[in-house]
Amino acid sequence: MEENYPKLYLYKRIVHAKLFIDIHFSEDIDLNNIADEACFSKFHFIRLFKTIYGKTPHQYLTRVRIENSKELLQNETSVTETCLNVGFDSISSFTALFKKYTKLCPSEYQQQFERRKEQITNTPLQFIPNCFAEQKGWNTE
Amino acid sequence: MITKLNHVSIFVLNQDSAYEFYVNKLGFKVHTDAPMGPRMRWLTVCPPEQPDLEITLMPIEDGMMFKDGAAEQMRELVKKGTFGFGVFECNDLNATYEELKLKGVVFKKPPSKEFYGYEALFIDDSGNWFSLGHKK
């Protein structure tokens, strides 16, 4: 256990940095500050972060912002408001990054989600395997 | 020829609490959340990088699935930690272990080297246990 201590300690600092991004993604995050707080040089921090999460901190931050923007769009937040609420500076960069990750523009994603939501509400059994619907007594038609 | 698994069920004591555990602690995505009448809900989630595997969070309730007291028996078995429902994979076991512990996930076993690989065991909010490993 003792010989693992330095490695575990490093893990804890990187995990805290990741959780910091998870919580503060909508703010103007300076990755240099995160590296400082985690007591790493910027280069060392980026290298360790990428080793653990497969993405640089900046790539991870973008991913978190996109995932959170999906949730806002699902809750009928406008594209402009979503863009600003998750920390992007401009609609054009938000739209481009959103499309890169999801293959859809934010407005298309929102429309697609709304259509699916409506289908789930109107015809839920389309989304439930029949064996389960029968066992639950939902398939009464 | 069977080509893939697209639904798997985890029996849970409470769907709302399971939602909190799987979505807010483990970081799974909601796939389908369909209200099916009073106190009934079809809820499936999926691991973030496996959107085509729906994990049904199936409440254990009296009804056609559990008859003649079977629901109560099943609830007791789940609470006792009888069932291990699967093996999850992560990018890095040590980091995921640290993060999930911070989020309040209970581990039966910390990351340990076994002859078959590196694994940890955690339990969900109902008592179901899972193995967690990585490919490094």
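This is a predicted model: local features need pLDDT of at least 70, side-chain atom pairs count only at pLDDT 80 or more; totals for chains, interfaces and linings use all residues.
I then placed B:Tyr19 in the chain: the residue belongs to helix α1 of chain B, which covers residues 15-25.

I listed the contacts of B:Tyr19, leaving aside neighbours within four places in sequence. The list holds B:Asn24, B:Val30, B:Asp33, B:Arg41, B:Leu43 and B:Leu57.

I also checked B:Tyr19 against B:Asp125. The two lie 106 residues apart in sequence, and their C-alpha atoms are 9.7 Å apart in space.

Next I turned to chain A. I have domain 1 as 1-54 and domain 2 as 62-141. The contact between these domains of chain A draws 6 residues from domain 1 and 6 residues from domain 2. Taken over C-alpha atoms, the domain centres in chain A are separated by 30 Å.

I looked up the area that the two domains of chain A bury between them and got about 420 Å², with 59% of it on carbon and sulfur atoms. On the side of domain 1 of chain A, the residues losing the most area to domain 2 are A:Asp22, A:Phe25 and A:Ser26, which together make up 85% of what that side buries. I sorted the residues of domain 1 of chain A that touch domain 2 into 3 nonpolar, 1 polar and 2 charged.

Last, I checked the pairings between the two domains of chain A. I count 0 salt bridges and 2 residue pairs in polar contact, both at pLDDT 80 or more.

Methods
Residues are numbered from 1 along each chain as its sequence is written. Chains are lettered from A and ligands numbered from 1 in the order in which they are written. Side-chain values use heavy atoms; hydrogens and water are left out. Helices (H or I, at least four residues) and strands (E, at least two) are DSSP runs, numbered from the N terminus. Contact means heavy atoms within 4.5 Å. Domain bounds come from an automatic or database domain assignment. Buried area is the accessible area (1.4 Å probe) that two parts lose on being put together, summed over both. A salt bridge is a side-chain nitrogen of Lys or Arg within 4 Å of a carboxyl oxygen of Asp or Glu. A polar contact is a pair of N or O atoms within 3.5 Å; within protein, one must be able to donate a hydrogen and the other to accept it, and residues adjacent in sequence count only if both atoms are side-chain atoms. Ala, Val, Leu, Ile, Met, Phe, Trp, Tyr, Cys and Pro count as nonpolar, Asp, Glu, Lys and Arg as charged, and the others, Gly among them, as polar.
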